[in-house]
Amino acid sequence: YRLIGIDGSTVQLPWSEELVEEFGGVTNQHGVVMAMGRISVAFDVENELSVHALLDRYTCEERELALRHLEAVRTFDRRTDGRRGHQGDLFLFDMGYPALYVMALMILWGKDFVIRTSAAFLKEVQEAVSADQDDLEIQIPVQTPDRPLPEKLQAWMPTIDPAMVLSIRVVKLTLADGTQEILLTTLRDVKAFPYAVFHGLYAKRWGSETHYDVLKNILEIENFTGKSPLTVRQDFYATVLTNNLRGLIHWELQEEVEAENQRKARKYQYQLNRHLSIGRLKDRLVTLILDQGDLQTFYEEVKGEMKRNMVPIRPGRQFPRKRKNHQKYTMTKKRAL
């Protein structure tokens, strides 16, 4: 599988009436209207590549944006079907995404998923959580006498069979700190996907979270260069593209790094440093795009510098998640990229 984590976030935009009209806004505690947008990224967590990215209105629902990601991936699937390297996708979602219509559409579209949910999501899930089993398969009808067919499911799939029943595997995990995680998944083959695999599998979704840290704090995606919708969109997608270029070079280098990890006697395995790699890349990127440099020389120099700045992987390290208000950028402080 290609592991794709889907997650959303919000971005503060420069204030202008045009941006508030285009993307929406919120009123802060001082009664001041701030222009805001909602972003969502389908992120290849293993290869650190944005498969599809969206910038839309602040009021857009994250599940709806996720389905637009899925439509884009399905379109790409049709273009690449049968070609060398084509593979299936496994989508990883956090607790903001469980919905009956989302799971039904993904199953109808032939896409596998792992979604974290609460114990109170659906009656069938509640009963599974109450059962004295950590791993079991349940059947969820899309319509019951007490539960009408979801309107959004009918909107996305007008020909849906109301008698459709979803076969879902419910996996209950207990983390090291005692927290219980409940996962819903289409990976129902217990031999191919034993219970133990889900501890590490869902944890890979964290790559989507760290991706937003890179976009916001390293690449300064909220430090826009203009106040028009066109400029905001250009800045957003240019930043995503830049991070993908860095990810592609990392992808090429990873095999060399892994070979060195096996060959050399080290206390820790090593990986490429994402933050320093971005700095090495952006210093040369503009010159390359302006066709004022040699592509092969650029590539070899950036690869060499990235490889010289690796960091150790320390298994089991965990840090509490801290939520805070970040200082936003002003229009007088222009971005470096």
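The side chains of D77 and K111 are joined by a polar contact of 2.4 Å. A polar contact is a pair of N or O atoms within 3.5 Å; within protein, one must be able to donate a hydrogen and the other to accept it, and residues adjacent in sequence count only if both atoms are side-chain atoms. D77 belongs to helix α2, residues 62-80. D77 counts as buried because its relative accessibility is 14%; buried means under 20% relative accessible area, exposed over 50%, and partly exposed in between, with a 1.4 Å probe and protein chains only.

The model is predicted: local features need pLDDT of at least 70, side-chain atom pairs count only at pLDDT 80 or more, and totals for chains, interfaces and linings use all residues. Residues are numbered from 1 along each chain as its sequence is written, and side-chain values use heavy atoms, with hydrogens and water left out.

**The chain as a whole**

The chain has 10 helices and 11 strands. Helices (H or I, at least four residues) and strands (E, at least two) are DSSP runs, numbered from the N terminus. Of the 337 residues, 44% are buried. Among the contacts with a separation of 6 or more, 66% are between residues 24 or more positions apart; contact means heavy atoms within 4.5 Å. The accessible surface is about 18500 Å², and carbon and sulfur atoms account for 50% of this surface. Accessible areas come from the Shrake-Rupley method with a 1.4 Å probe; for residues, only the protein chains shown count as cover.

**Salt bridges**

A salt bridge is a side-chain nitrogen of Lys or Arg within 4 Å of a carboxyl oxygen of Asp or Glu. The chain has 18 salt bridges by this rule. Three of them are listed here.

| Pair | N to O distance |
|---|---|
| R205 and D7 | 3.7 Å |
| R63 and E61 | 3.2 Å |
| E61 and K152 | 2.8 Å |

In the R205 and D7 salt bridge, R205 lies in the loop between α6 (197-203) and α7 (206-218) and D7 in strand β1 (residues 2-12), so the pair ties together parts that are 198 residues apart in sequence. R205 is buried, at a relative accessible area of 7%, and D7 is buried as well, at 5% relative accessibility.

E61 takes part in two of the listed pairs, with R63 and with K152. R63 is partly exposed at 21% relative accessibility, E61 is partly exposed at 28%, and K152 is partly exposed with a relative accessible area of 36%. Salt bridges that share partners also join R2, D77, D89 and K111 into one network.

**Nonpolar cores**

A nonpolar core is a set of buried Ala, Val, Leu, Ile, Met, Phe, Trp, Tyr and Cys residues joined through side-chain atoms within 4.5 Å. The largest has 40 residues, and F91, F93, M103, I140 and L166 have the most contacts inside it. Helix α3 (residues 100-108) gives the largest share of this core, 7 residues. Leaving out residues up to four places away in sequence, M103 touches F113, I115, F121, I140, L166, I168 and L184. Another core, of 31 residues, lies apart from it and includes L19, V45, F198 and Y212.

**L90 in strand β5**

L90 is in strand β5, residues 89-93. L90 is buried, with 1% relative accessibility. Apart from neighbours within four places in sequence, the residues in contact with L90 are Y1, R2, L3, I4, D112, F113, V114, L187 and L201. L90 and T186 are 96 residues apart in sequence, and their C-alpha atoms are 9.4 Å apart in space.

**Backbone**

Most residues other than glycine have a negative phi. E48 is not a glycine, yet has a positive phi of about 55 degrees. E48 lies in the loop between β3 (33-44) and β4 and is buried, at 18% relative accessibility. E220, also not a glycine, has a positive phi of about 55 degrees; E220 is in the loop between α7 and α8.
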